[in-house]
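Dear colleague,

I am handing over the structure we spoke about, and I would be grateful if you could look through it with the notes below beside you.

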Amino acid sequence: MNFPKQLIAILALLPGLAFASEGGIPLDKAPERTSLTSLQNGAKLFVNYCLNCHSAVNMRYNRLKDIGLSDEQIKNNLLFSADKVGDLMTTALRPADAKAWFGAVPPDLSVIARAKASPSGTGGDYLYTYLRTFYKDDTRPTGWNNMVLPNVAMPHAMWQLQGIRTAKMVEEKDPHDHSKTVHKFAGFQQVAPGSMSQMEFDTATADLVSYLEWMAEPAQGTRKRLGVWVLLFLSLFSLLCWRLSVSYWKDVK
C-alpha cells in the first residue's frame with residue numbers, strides 16, 4: 001500500500017478510534033434548551049451538584065445576569081458561602097484532598113462543553129449522554145461507574161434525582177473469535193427510584209448541559225446576532241461594488 005492510500009486509511013479510522021475512546025456507546029443528541037428559564041435551572045443544578053468538586057474559574061457569578069438573574073437572585077439562591085456576586089466560580093475542595101478521595105483532581109468546567117466535542121458528537125452530546133449513564137458498580141472505589149467513561153473516578157452526583165440503576169450485560173460470541181465471549185450492554189435496571197421520573201431527569205440534565213454550553217461561550221448569542229448583521233452588510237456592500245464597477249467600466253471598450 002503506497003503512502004496516499006495509507007494516509008486515507010488512517011483518516012478513515014480516526015472517527016472510529018474517537019468513538020471507541022468514548023466507551024463504545026453512541027452519544028445521544030442533546031436537546032436544545034436555550035430559553036432563559038432552562039439556563040437558569042441549569043445554573044441552579046450546576047451550583048448545587050457540580051460546584052462542590054469542580055470549579056469554573058473563567059466564570060463570575062455576576063455574569064449570570066446575562067441569563068436574566070439579578071444580583072439579589074444570585075446572592076439569595078446561588079451563593080452558599082462568603083462568596084460575593086462578583087467572585088469567580090471556584091470550589092472549596094482542595095486538589096490534594098480530591099486526589100486522595102477520587103484518585104484524580106476534578107477538571108475545571110469553564111469550557112468543558114467545547115473540550116469534549118469529537119467526531120462522535122458535540123460536547124453537549126457527550127455531557128448529556130455521560131450524565132445520564134451512571135450505574136451502580138460496587139467494584140469501583142466510589143461505588144459508581146459510567147458507560148461513556150468506563151472506570152470513571154467521579155461518583156454519580158445526581159443519583160438522588162435519577163435513583164439507583166445497575167447495568168445489564170449479556171454474553172455474546174466474539175465476532176472475531178467464536179471461542180470467546182464478550183459482554184455487551186443491554187440497558188439499565190432501576191434498583192431504587194429517584195425524586196424525578198426518567199423524563200424529568202432527562203429534562204433537568206438537558207438544562208444543565210445547556211448551561212455548560214452557554215458558560216463555555218457566554219457571548220455566543222451576541223456573536224451570532226452580530227454575524228447576521230455583518231453578512232447582511234457584506235451582501236449589500238458587494239451589490240454596491242458590483243453596480244459601481246458596471247457603471248465605471250460601461251464606456252470602456
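What follows goes through the salt bridges, one glutamine, the cysteines and a surface patch, in that order.

Please keep in mind throughout that this is a predicted model.

Salt bridges

The count of salt bridges comes to eight, and I describe some of them here. In one of them the side chains of Asp 207 and Arg 33 meet, with a distance from N to O of 2.4 Å. Asp 207 belongs to helix 8, which covers residues 198–216, while Arg 33 sits in the loop between helix 1 (3–21) and helix 2 (36–50), so the pair ties together parts that lie 174 residues apart in sequence. The two partners can also be described by their accessibility: Asp 207 counts as buried, at 4% relative accessibility, whereas Arg 33, with a relative accessible area of 29%, is partly exposed.

Another salt bridge joins the side chains of Asp 202 and Arg 132, with 2.9 Å from N to O. This pair, too, links distant parts of the chain, since Asp 202 is in helix 8 and Arg 132 is in the loop between helix 6 (123–131) and strand 3 (134–136), 70 residues apart. Asp 202 counts as buried at 17% relative accessibility, and Arg 132 is buried with a relative accessible area of 14%.

Gln 73

Gln 73 lies in helix 3, which runs over residues 71–77, and counts as partly exposed at 37% relative accessibility. A polar atom of the Gln 73 side chain lies 2.9 Å from the backbone nitrogen of Ser 70. If residues up to four places away in sequence are set aside, Gln 73 touches Gly 68 and Leu 78. For orientation, Gln 73 and Val 85 are 12 residues apart in sequence, and their C-alpha atoms are 10.0 Å apart in space.

Cysteines

How many disulfides does the structure hold? The number is zero. Cys 53, for example, is in no disulfide, and the nearest cysteine sulfur, which belongs to Cys 50, is 9.2 Å away; a disulfide would need the two sulfur atoms to be within 2.5 Å. Cys 53 is partly exposed, with a relative accessible area of 28%, and Cys 241 is likewise partly exposed, with a relative accessible area of 35%.

Surface patch

Finally, there is a nonpolar surface patch of about 510 Å², made by Val 230, Leu 231, Phe 233, Leu 234 and Phe 237. One of these residues, Leu 231, has its place in helix 9, which comprises residues 220–249, and at 56% relative accessibility Leu 231 counts as exposed.

With kind regards

Definitions and conventions
Residues are numbered from 1 along each chain as its sequence is written. This is a predicted model: local features need pLDDT of at least 70, side-chain atom pairs count only at pLDDT 80 or more; totals for chains, interfaces and linings use all residues. Side-chain values use heavy atoms; hydrogens and water are left out. A salt bridge is a side-chain nitrogen of Lys or Arg within 4 Å of a carboxyl oxygen of Asp or Glu. Helices (H or I, at least four residues) and strands (E, at least two) are DSSP runs, numbered from the N terminus. Buried means under 20% relative accessible area, exposed over 50%, partly exposed in between (1.4 Å probe, protein chains only). Contact means heavy atoms within 4.5 Å. A polar contact is a pair of N or O atoms within 3.5 Å; within protein, one must be able to donate a hydrogen and the other to accept it, and residues adjacent in sequence count only if both atoms are side-chain atoms. Patches are made of residues with over 30% relative accessible area and no salt bridge: like charges are joined within 9 Å, nonpolar side chains (Val, Leu, Ile, Met, Phe, Trp, Tyr) within 5 Å. Accessible areas come from the Shrake-Rupley method with a 1.4 Å probe; for residues, only the protein chains shown count as cover.
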